[in-house]
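Here is a short briefing on side-chain contacts and strand pairing. Keep the sequence and the 3D view open as you read.

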Amino acid sequence: QVQLVESGGGLVQPGGSLTLSCVASGLSLDHYAIGWFRQAPGKEREGVSCISSSDGSTYYTNSVKGRFTISRDNANAKITVTLQMTSLKAEDTDVYYCAVGPTLPAQAMCLVATPGFGFWGQGTQVTVSA
């Protein structure tokens, strides 16, 4: 059974930092793409940052470039993807979802993944507010 468990969300002041983590288990993929997406009420889900295990590529949506850093790790048959978020802004407030799918370049993963593609976590709330 595939499971994705996200953690690290919370309330932070503008300019602050948070680190999101997602542990994916139950997968049998030699190569994969994994990343973070966010969605506010009434808006479309947006690919924030993705990383590919096959070619090592990373992708960041323009609004987070230079502020967010994605990394991944494989250990004990689990995949961990981490998103370090710095210089947070009010507009970063959203529910953040982790998703993993079959091998794709990172940009493709972030641009094409929908809730029906691959596997998704339940989401973690990030609120940036004074």
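This is a predicted model: local features need pLDDT of at least 70, side-chain atom pairs count only at pLDDT 80 or more; totals for chains, interfaces and linings use all residues.

Residues are numbered from 1 along each chain as its sequence is written, and side-chain values use heavy atoms, with hydrogens and water left out.

**Salt bridges**

- A salt bridge is a side-chain nitrogen of Lys or Arg within 4 Å of a carboxyl oxygen of Asp or Glu. By this rule the model has four salt bridges.
- Arginine 38 and aspartate 92 form one of them, at 3.1 Å from N to O. Arginine 38 lies in strand β4 (residues 32-39) and aspartate 92 in the loop between β8 (78-85) and β9 (94-102), so this pair ties together parts 54 residues apart in sequence. Strands (E, at least two residues) and helices (H or I, at least four) are DSSP runs, numbered from the N terminus.
- Aspartate 94 also forms a salt bridge with arginine 38, at 3.8 Å from N to O. Aspartate 94 is in strand β9 and arginine 38 in strand β4, so the pair ties together parts 56 residues apart in sequence.
- How buried are these two partners? Aspartate 94 counts as buried at 9% relative accessibility. Arginine 38 is buried too, with a relative accessible area of 5%.
- Aspartate 92 meets arginine 67 in a salt bridge of 2.8 Å, N to O. This pair links distant parts of the chain: aspartate 92 sits in the loop between β8 and β9, and arginine 67 in the loop between β6 (58-60) and β7 (68-75), 25 residues apart. Both aspartate 92 and arginine 67 are buried.
- Which residues make up the salt-bridge network? Arg38, Glu46, Arg67, Asp92 and Asp94 are linked in it.

**Aromatic rings and charges**

- A pair of aromatic rings is described by the distance of the centres and the angle of the planes. Rings of Phe, Tyr and Trp (its six-membered ring) pair if their centres lie within 6.5 Å; planes under 30 degrees apart count as stacked, over 60 as edge-to-face and the rest as tilted.
- By this rule there is one aromatic pair. The ring centres of phenylalanine 37 and tryptophan 120 are 4.8 Å apart and their planes are at 55°, so the pair is tilted.
- Phenylalanine 37 lies in strand β4 and tryptophan 120 in strand β10 (residues 119-120), so the pair ties together parts 83 residues apart in sequence.
- Phenylalanine 37 is buried, with a relative accessible area of 1%. Tryptophan 120 counts as buried at 16% relative accessibility.
- A charge sits over a ring if NZ of Lys or CZ of Arg is within 6 Å of the ring centre and within 35 degrees of the ring normal. Arginine 45 lies over the face of tyrosine 97, at 3.9 Å from the ring centre. Arginine 45 also lies over the face of tryptophan 120, at 4.8 Å from the ring centre.

- Two strands pair if DSSP finds at least two bridges between them. β4 and β9 pair in the antiparallel sense over eight bridges. In β9, tyrosine 96 is the bridge partner of arginine 38.
- Six bridges join β4 to strand β5 (residues 46-52), and these two run antiparallel. In β5, glycine 47 is the bridge partner of phenylalanine 37.
- The hairpin of β4 and β5 has six residues between the strands, and glycine 42 takes a positive phi near 80° there.

**Disulfides**

- A disulfide is a pair of cysteine sulfur atoms within 2.5 Å. By this rule the model has two disulfides.
- Cysteine 22 and cysteine 98 form a disulfide, with sulfur atoms 2.2 Å apart. The torsion about their S-S bond is about -80°, so this disulfide is left-handed. The pair links distant parts of the chain: cysteine 22 in strand β3 (residues 18-25) and cysteine 98 in strand β9, 76 residues apart.
- Cysteine 50 and cysteine 110 form a disulfide, with sulfur atoms 2.2 Å apart. With 95° about the S-S bond, their link is right-handed. This pair also links distant parts: cysteine 50 in strand β5 and cysteine 110 in helix α1 (residues 106-112), 60 residues apart.

Definitions and conventions: Buried means under 20% relative accessible area, exposed over 50%, partly exposed in between (1.4 Å probe, protein chains only).
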